[in-house]
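Have a look first, then read on.

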Amino acid sequence: MTAESVRWGILATGGIAAAFTADLVDLPDAEVVAVASRSRASAEAFAERFGIERAYGEWGALAEDADIDVVYVATPHAAHRAAAGLCLEAGRNVLCEKAFTLNAREAEELVALARGRGSFLMEAMWMYCNPLVRRLKALVDDGAVGEVRHVQADFGLAGPFPPSHRLRDPLQGGGALLDLGVYPVSFAQLLLGEPSDVTARAVLSDEGVDLQTGALLSWESGALASVHCSIVGGTATSASVTGSQGRIDIPNGFFFPDRFVLHRDGRDPEEFTADPADGPRNSLRHEAREVMRALRAGETESPLVPLDGTLAVMRTLDAIRERVGVRYPGEGPEGEGPLRPVEAVTPA
């Protein structure tokens with residue numbers, strides 16, 4: 001790492017890796033120096049597309065590349081533990097896509113590994129780094145709506161997705177919850193912390209993953225959160241925060257909003273809009289900037305996406321899966337079975 005740039009490695013070559021890399025190359029203080037896939041052809045094509053110097057046909061070579069300051073792990077969920085762990089073991093800092101891992105046990109292992117080695121580790125929860133979401137959280141923390149009574153959030157895609165699709169594949173951590181439901185759950189916990197109780201219902205596929213899931217989270221304060229996710233129906237991706245003295249509405253795209261409206265008792269509604277200077281609303285650059293800021297500051301965790309918060313979200317996702325009966329291959333009772341070997345994961 002130099003004063004001028006932070007050197008990135010990209011692990012996996014799918015759609016989210018391409019979107020993140022496209023935003024990275026537009027940042028003047030970021031340099032993408034290497035990419036890896038379990039397919040050399042895929043890595044080389046990705047490198048040519050983005051002008052990346054080195055392409056590796058195995059994850060280990062990227063992990064051992066000492067010229068890399070931080071690795072972005074963009075594999076399917078089921079490979080996050082193996083891929084991120086490999087990089088951490090080799091001394092690399094890591095930004096790992098969400099859902100962070102398949103279950104809380106795997107997440108705890110990664111966090112312990114990073115903390116034990118003094119390496120930086122962060123979940124790629126870009127929503128937490130979004131300037132407008134940060135503004136909403138600041139308003140709620142400052143009591144703009146009084147005491148939070150209820151949070152609502154939904155995220156659903158219409159599909160249909162065939163059984164062969166990664167969203168239907170148990171070996172890749174398929175289902176609505178880990179891919180989409182992580183957003184509503186993370187939004188609720190951003191504002192309220194870890195719930196004290198969880199109830200949930202789901203519709204499962206023939207493969208045993210959740211096609212849609214609804215959950216009610218509750219807190220000892222009396223607050224509730226209603227969260228929903230689906231891969232069989234497109235939703236508004238709306239969210240609301242209701243308090244004792246007002247309400248905040250995000251009409252659509254709550255995890256990358258362009259606006260939200262604050263309704264305070266006895267006042268006219270106030271609309272807050274995204275600053276055009278922050279770039280496109282779907283930009284991933286905010287999380288990249290937070291990683292680079294933290295690395296330059298010598299921090300091993302981000303205050304915007306703290307690891308304890310990530311662990312709390314994973315515990316909630318585990319609790320929801322336990323309630324609805326979703327268990328992935330290789331997991332034992334309550335999600336605590338042996339880890340899946342890397343070879344069982346579809347190459348990225």
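## Ground rules and a buried leucine

A residue counts as buried under 20% relative accessible area, exposed over 50% and partly exposed in between, using a 1.4 Å probe and protein chains only. This is a predicted model, where local features need pLDDT of at least 70 and side-chain atom pairs count only at pLDDT 80 or more, while totals for chains, interfaces and linings use all residues. Residues are numbered from 1 along each chain as its sequence is written, and side-chain values use heavy atoms, with hydrogens and water left out.

Helices (DSSP H or I, at least four residues) and strands (E, at least two) are numbered from the N terminus. Leucine 311 sits in helix α10, residues 307-324. With a relative accessible area of 10%, leucine 311 is buried. Leaving aside residues up to four places away in sequence, leucine 311 touches Ala107, Glu108 and Val111, a contact being heavy atoms within 4.5 Å.

## One side of α7

Helix α7 spans residues 131-141, and Leu132, Val133, Leu136, Leu139 and Val140 are buried there. They cover an arc of only 120° around the axis, so they are on the same side of α7; the arc is taken from the directions from the helix axis to the C-beta atoms.

At the start of α7, a side-chain oxygen of asparagine 130 comes within 2.9 Å of the backbone nitrogen of leucine 132. Just after α7, glycine 143 has a positive phi of about 85°.

## The largest pocket

On a 1 Å grid over the protein atoms alone, a cavity is a set of points where a 1.4 Å probe fits but cannot get out, a pocket is an open set with protein on both sides within 12 Å along at least five of seven lines, and lining residues have an atom within 4 Å of a point. The largest pocket holds about 590 Å³ of space. Its lining has 24 residues, with Ile16, Glu97, Lys98, Arg166 and Asp179 nearest the centre. Helix α8 gives the most to this lining, three residues.

## Two cavities

There are two cavities of 30 Å³ or more. The largest has about 40 Å³ of space, and α8 supplies the largest share of its lining, four residues.

Technical notes: Points joined across faces, edges and corners; volume = space filled by probe spheres on them. Polar contact = N/O pair within 3.5 Å; in protein donor to acceptor, adjacent residues only side chain to side chain.
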